[in-house]
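Reader: I would like to go through this model with you and ask, for several of its labels, what value lies behind each one and how the conclusion is reached.

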Amino acid sequence: LPLSPSPALSRRLGAMKQRKSHKNLDIIHHGLVLISDGTGKGRPARLLLTKDQLSVQIPCDPNEEPTPLLPQEENPVRSVIIRRRKESGGLGISIKGGTENAQNMPILISKIFPKMPADETGQLRVGDVIIEVNGEKVEGRSHDEVVEMLKGGDEVSIGVRACQQIAPYLKSSLSLQHGSRAGSVLDKLYEPNTWKSAMKAQSSLSLYDTASMASLADPKSDRWKTITSVSLPMAYVTRYLWGTDTIRQNSFEVRAVDGTSTGIAHCEDATAMSEWLTHIHHHIQALNSKSIKMSNKYLHQSEQISFIGWVNERIDEVSADPNIRWFPRFLIIKGPDICLFESPPLNSEDLSKCLFLYKAYDCAVKQVPPDTRRLDKRDHIIWLETSGGAKENHYLSFDAPHMTETFEHQYYKCIYASINAMQSRTFACSYEGRPSGLVFDIRQGISLYDIPTKSYAWQYRFRDLHSSSDDGKVHVQFVFKDDRSLSQNRLETKDVECDEAVAVAFTIHSFLMAKMFATDPSFLKNNPLL
């Protein structure tokens, strides 16, 4: 008769398998931290960073079977049969993707309706990719064609494959809001049974013993159990107490788009925290760059995405809690547009569902220095001023200085590209009581076209512009350097009335920035707008 291995031998074999799995595990950074919910004392844990996720681990009971740090699950096609209800006729799923509009996106399950046939199977998840329907492949088919395939028969057999990279982006953005603990490590870390096991392990492993600490910090140690992993693509990182300007000392939190959280990770000192944030931000930025490249394959050249990332917006008198004034926003620069979303868009259809959309040349991005011009204690602040007035201005904070620099650089490139594509812009106006057109041209400069005579009343180069001002309503004043002027200072003043005075002012800035960027791209970096 075959002999079953002893418990000790089973644990040894498990440990050998786990060490073998490490060979395929690309660990970037690891270390011991304390994890808390932000209100109580932290509990010992270990963070493990790979290229695309951040895992939280706790000590495991030495009497338990060892488990791989990050199990490498296979991803086979699963066959699921959905039996349709005759009274409703629907399967209870929504799908996205297809081959419309020069795109060739996979067909994804974007929503599963509760208590409907698809939900009752218990085998489908949001983010699953549909491979086949009733034995027929769906690759290369349009969205409408797949919808028709799903309609036929009392039961439908579909083949699906999990897609962990996309699934988080299809879930509700409410999980990123204040008070949400969706998928949080805290829900597992603070379960009595889980923590009781961890405390037992901690005692037997002498977690606070200096010699044992070095052994435990080894990423190949089999004394840890992963309790949650946070997906890094488009992840949100913050050091602030949620929704406030209060910064946590030597601490940070990472949240995936679906709300999965590390909890508050408390580091030993500022150096350790800085190392963690540097590594995490670097990999999020690298993954976001890959997402940009993938998206741009399906977008027209004039609509290419150049920047994506999280930013925080201060909004007063919105939350029921007066202390909550900051809200996460996902910011995208796409072609000539600056877009603000509640959560990352999945496809080109979602790109049209942003909270706010502005043309870059109708905006002014200004850094807010650390002085009385700041509204509170948050750092890395910019004002996004728009021609829509004060109600449509946005006070934004980035969580890292490199994010501010990257955004500003891409904003300047966006201005340069959009102005060069547009070449000229004309505003209807009145000059000396006559109907006119105020013309900005990247080559010809600033000119005024007199409509009754169909001729130009005056024209100046951009280098001749000495200054400009406006009243924020209808009056715009230009002061030009003119050697032909009879005035002693050789300056000529031109007063124009225009219903779009603020848009005129921002257009002047945009044309000037485009000219400067073409000549010296580093000038604006060294001399930012304040």
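Author: Leaving aside its neighbours within four places in sequence, Tyr456 is in contact with Ser447, Leu448 and Tyr449. This is a predicted model, and Tyr456 belongs to strand E24.

Reader: What makes Ser447, Leu448 and Tyr449 contacts of Tyr456?

Author: Contact means heavy atoms within 4.5 Å, and Ser447, Leu448 and Tyr449 are the residues in contact with Tyr456 once neighbours within four places in sequence are set aside.

Reader: Why is Lys454 called exposed?

Author: The relative accessibility of Lys454 is 67%, and exposed means over 50%, so Lys454 counts as exposed. Lys454 is found in the loop between strand E23 (445-450) and strand E24 (455-460), and has a positive phi of about 55 degrees although it is not a glycine.

Reader: Why are the rings of Phe462 and Phe511 called stacked?

Author: A pair of aromatic rings is described by the distance of the centres and the angle of the planes. For Phe462 and Phe511 the centres are 5.8 Å apart, where a pair requires them within 6.5 Å, and the planes stand at 15 degrees, where stacked requires under 30 degrees, so the pair is stacked. The structure holds 20 aromatic pairs, and ring pairs also link Phe307, Phe398, Phe407, Tyr411 and Tyr412 into a cluster.

Reader: Which parts does the pair of Phe462 and Phe511 tie together, and what makes Phe462 buried?

Author: Because Phe462 lies in the loop between E24 and strand E25 (465-470), while Phe511 lies in helix H9 (residues 501-519), the pair ties together parts that are 49 residues apart in sequence. Buried means under 20% relative accessible area, so Phe462, at 8%, is buried, and Phe511, at 0%, counts as buried by that cut-off too.

Reader: How do you know that the buried residues of helix H3 lie on the same side?

Author: The buried residues of H3 (residues 143-151) are Val146, Met149 and Leu150. They cover an arc of only 95 degrees around the axis, which puts them on the same side of H3. An α-helix has 3.6 residues a turn, so residues three or four places apart point the same way. On the other side of H3, Asp144 and Lys151 are exposed, whereas what covers the buried residues includes strand E5 (93-98), strand E6 (105-112) and strand E9 (155-161).

Reader: What makes E10 and E11 the edge strands of their sheet?

Author: The open sheet has 7 strands in the order E10-E3-E2-E1-E13-E12-E11, with antiparallel pairing. Strand E10 (224-231) and strand E11 (236-238) each pair on one side only, and they are the edge strands. E11 is joined to strand E12 (residues 251-255) by 3 bridges, where a pair needs at least two, and Tyr236 stands opposite Arg255 in E12.

Reader: Why is Arg255 said to lie over the face of Trp242?

Author: Arg255 is 4.0 Å from the ring centre of Trp242, against a limit of 6 Å for CZ of Arg, which must also be within 35 degrees of the ring normal. Arg378 likewise lies over the face of Tyr240, at 3.9 Å from the ring centre.

Technical notes: Residues numbered from 1 in each chain as written. Predicted model: local features only at pLDDT ≥ 70, side-chain atom pairs only at ≥ 80, totals over all residues. Heavy atoms only, no water. Helix = DSSP H or I, 4+ residues; strand = E, 2+ residues; numbered from the N terminus. Buried < 20%, exposed > 50% of the residue type's maximum accessible area, 1.4 Å probe, protein only. Arc of directions from axis to C-beta. Phe/Tyr/Trp six-rings, centres within 6.5 Å; stacked < 30°, edge-to-face > 60°.
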